[in-house]
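Trainee: Could we go through this model together, asking what stands behind each label?

Mentor: Gladly, let's look at it.

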Amino acid sequence: MTLHIYQARLLHYLTESDRTERTTSDHSQTLAVERDITLLPVIEGVQVYPEYIADGALVVDDMIGCIVEYGRSETILSKYANEEGRLAVKVHDYRDKLIMPGFIDTHVHYPQIDMIAAYGEQLLDWLNNYTFVTEANFGDPKVAHDTAQFFLNQLLANGTTSAMVFSTSHPESVNAFFTESHKLNTRMITGNVLMDQNAPDNLCVPTEQGIRDTQNIIDNWHERGRQHVAITPRFAITSTPKQLQMAGELYASYESVYLQTHLAENHDEIAFVKQLYPNHKGYLDVYDDMGLLGRRTTLAHSIHLEISEYERLRDTGTQISHCPTSNLFLGSGLFDLPKTLSYTGVSIATDVGAGTSLSMLTTLSEAYKIQQLQSNQLSAHQGLYQITLGNAQSLLLDNKIGNFMPNKEADFVVIDMGATELLERRMAQTKTLEEQLFVLMMLGDDRVIDQTVIAGVSRYRKSTA
Ligand SMILES: [Zn+2]
């Protein structure tokens, strides 16, 4: 066992029960909550609190990949000093940096990294003209492995340590992704995309075959190491009713397999779904009828919804993934964050390749602007909470990742708040932590990520060359 102590400014978010545990433990003297902030609840009745320790230390066991404890640097260092006063652990001095839990992206398409920033279309034409053309290459395991490796390294360079990911309809694309993720020991969720209509022949897989592929992938990969499987119908347009129904049956037969798809992103898409399903009450009702809703379901976008649809999301516990840069890029519409949160859990995601950045900080910056256009606010604390503990809660992974509570997996990022000349100059003008965090949220991107640690092992270091 090798223990590592990371000395740094520490920032993370605590739930009410984490906070109770902290204040009642013998480490209570290290608790340094600057100010309680009641953030918008992600799950009804759940409040979270920022905890910031200016002179903090995070103790990590790299054998089991978990957090041992955290607290004020002075307390921690004296505790681990041996009789000669020397430390029996490896100390990493990042006192000029901020350490936060790793960022979590709840909706992103890894094969689309090769067609990010494709000009001129809205959703349905963009899919036909760019996406499907790119995804057709992923039956080739070499393309899939190379791209998965590149994509995962890009996530790490952006401080993202976990993600819920779309592969393609080829099982090879999923096997390649899980193989590369398993090597890095990143906690990831993906599955083969189910499509058996309204897509090119080279991407459509016969109805039962697609479901059998998902079944095999679950058998091979679900909860192997840190990998999880999601049943992944692309959306109502590209699956037959029979396939959606079979997907719903498969979902119901597992207690921990996820389900991910898209909902109500674009008006033409919604009209097409209504045309395909004239006897359903609306888009969400199609998924509801097929048994696709529930607490383990994440629906990307969900911009244009009726009140009855919000209510159904609430009643089923179905989670929404908000993808700001994608919504702006494809001109899909403005997502109402407070309204959606008043019904159900919302996570925040990049949705690359329609999204234009893998950086969760850049994504938050665009999320802020989308709320501004609707006279809503998104504070830095709420944003940073969302991309860490909030997204973990939405994916039911908050017992494993999302903050620094002891025994959680040691996925974290070392952030250089003054990584650029502009950031350095602007930070010098700030007077409060909130101000600094807001500047980080608006101006930060991959350049502020100094290091990314996965389960206690450093997997990315910014080149200083
Ligand atoms: Zn998407």
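Mentor: Let's start with Ala 455, which sits in the loop between strand S15 (449–454) and strand S16 (457–461). This is a predicted model, where local features need pLDDT of at least 70, side-chain atom pairs count only at pLDDT 80 or more, and totals for chains, interfaces and linings use all residues. Residues are numbered from 1 along each chain as its sequence is written, and side-chain values use heavy atoms, with hydrogens and water left out.

Trainee: Why does Ala 455 count as buried?

Mentor: Buried means under 20% relative accessible area, exposed over 50%, and partly exposed in between (1.4 Å probe, protein chains only). Ala 455 has 8% relative accessibility, so it counts as buried. Its phi is near 45°, a positive value in a residue other than glycine.

Trainee: Why is Ala 117 called exposed?

Mentor: Its relative accessible area is 57%, so Ala 117 is exposed. Ala 117 also has a positive phi, about 65°, although it is not a glycine.

Trainee: What makes Cys 323 buried?

Mentor: Its relative accessible area is 0%, so Cys 323 is buried. Cys 66 counts as buried too, because its relative accessibility is 14%.

Trainee: How many disulfides does a search of the whole structure find?

Mentor: The search finds 0 disulfides, a disulfide being a pair of cysteine sulfur atoms within 2.5 Å.

Trainee: What is the angle between helix H15 and helix H16, and why is the pair called roughly antiparallel?

Mentor: Helix H15 (residues 421–428) and helix H16 (residues 433–443) pack at about 155°. That makes H15 roughly antiparallel to H16, because angles over 145 degrees count as roughly antiparallel.

Terms used
Axes fitted to C-alpha atoms, helices over the stretch in contact; angles between N-to-C directions. Helix = DSSP H or I, 4+ residues; strand = E, 2+ residues; numbered from the N terminus. Parallel < 35°, antiparallel > 145°, perpendicular 65-115°, else oblique.
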